[in-house]
Amino acid sequence: MRAVGAFWCHYNPNFGDALNPELFRRLGGLDIEYASAEEASVAGIGSILDKFLAEVPSSAGEVAPLKVFSSGFDAAPANGRLLKRNLTCYAVRGRKTAAAIRALDPGIKTGVLGDGGLLLKFIIGGHVDPKHRVGIVPHYVERDDPAFVRLTEGIDGAVILDPREGVES
């Protein structure tokens, strides 16, 4: 089977990005390989939908719609931004991403809401002995946010898990 081109963040890898190949293979039966935003057929876990926005309409001609699986935006798209490609959304990260997509194109159905990391239990399978009572996994840019530190201090046995450390940690 030929690998499908998928886009995810490869320049600042973190936990979610590392899950993409396994999630697609184990749950979707797809072998994927990294592809640029311009060449990808699918978009995986990550704050990556910003890469599919433009300030002027695209003149690239007919391009197949991008299939979106649990992707999100870094921030709400600025007014005047346009989608470079049509989207077929199977899942988006959350309500804000869904609202942003509908603002860009009201005709797009955004699918299921939720971070793809929630599917990790289906990859691991079986019982896993937890190392900590509570694990808090912030977005990598919020890793040192004082609010997460306070939250962790307020929950007995809680620890902040750094998403940049990879899946195995």
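Visitor: Which residues does Val68 touch, leaving out those up to four places away in sequence?

Guide: Bear in mind that this is a predicted model. Val68 touches Ala43, Leu49, Leu87, Thr88, Cys89, Tyr90, Ala91 and Val92. Val68 is also among the residues with the most contacts inside the largest nonpolar core, along with Phe52, Leu66, Leu87, Cys89 and Ile101. That core has 20 residues, and the elements giving two or more residues to it are β6 (66-72), β8 (87-92) and α2 (95-104). Another core, of six residues, lies apart from it, with Leu19, Leu23, Ile45 and Ile123 among its members.

Visitor: Why is Phe122 called exposed?

Guide: Its relative accessibility is 51%, and exposed means over 50%, so Phe122 counts as exposed. Phe122 is found in helix α3 (residues 120-124). With Leu27 and Leu119, Phe122 forms a nonpolar patch on the surface, and the three have about 280 Å² of accessible area together.

Visitor: What makes Glu22 and Arg25 a salt bridge?

Guide: Their closest N and O atoms are 2.9 Å apart. The cut-off is within 4 Å, so the pair qualifies. Both residues lie in helix α1 (residues 15-28), three residues apart, which is about one turn of the helix.

Visitor: Why is Glu22 called partly exposed?

Guide: Partly exposed sits between under 20% for buried and over 50% for exposed. Glu22 has a relative accessible area of 28%, so partly exposed is the label. Arg25, at 40%, is partly exposed as well, and Arg26 counts as partly exposed at 42%.

Visitor: What radius of gyration does the protein have, and what would a compact globule have?

Guide: The protein has 17 Å. With 169 residues, a compact globule would have a value near 15 Å, so the two are taken to agree. The C-alpha atoms fill a box of roughly 55 × 40 × 25 Å along the principal axes. Of the 169 residues, 36% count as buried.

Notes:
Residues are numbered from 1 along each chain as its sequence is written. This is a predicted model: local features need pLDDT of at least 70, side-chain atom pairs count only at pLDDT 80 or more; totals for chains, interfaces and linings use all residues. Side-chain values use heavy atoms; hydrogens and water are left out. A nonpolar core is a set of buried Ala, Val, Leu, Ile, Met, Phe, Trp, Tyr and Cys residues joined through side-chain atoms within 4.5 Å. Buried means under 20% relative accessible area, exposed over 50%, partly exposed in between (1.4 Å probe, protein chains only). Helices (H or I, at least four residues) and strands (E, at least two) are DSSP runs, numbered from the N terminus. Contact means heavy atoms within 4.5 Å. Patches are made of residues with over 30% relative accessible area and no salt bridge: like charges are joined within 9 Å, nonpolar side chains (Val, Leu, Ile, Met, Phe, Trp, Tyr) within 5 Å. Accessible areas come from the Shrake-Rupley method with a 1.4 Å probe; for residues, only the protein chains shown count as cover. A salt bridge is a side-chain nitrogen of Lys or Arg within 4 Å of a carboxyl oxygen of Asp or Glu. The radius of gyration is taken over C-alpha atoms; the globule rule is 2.2 Å times the number of residues to the power 0.38.
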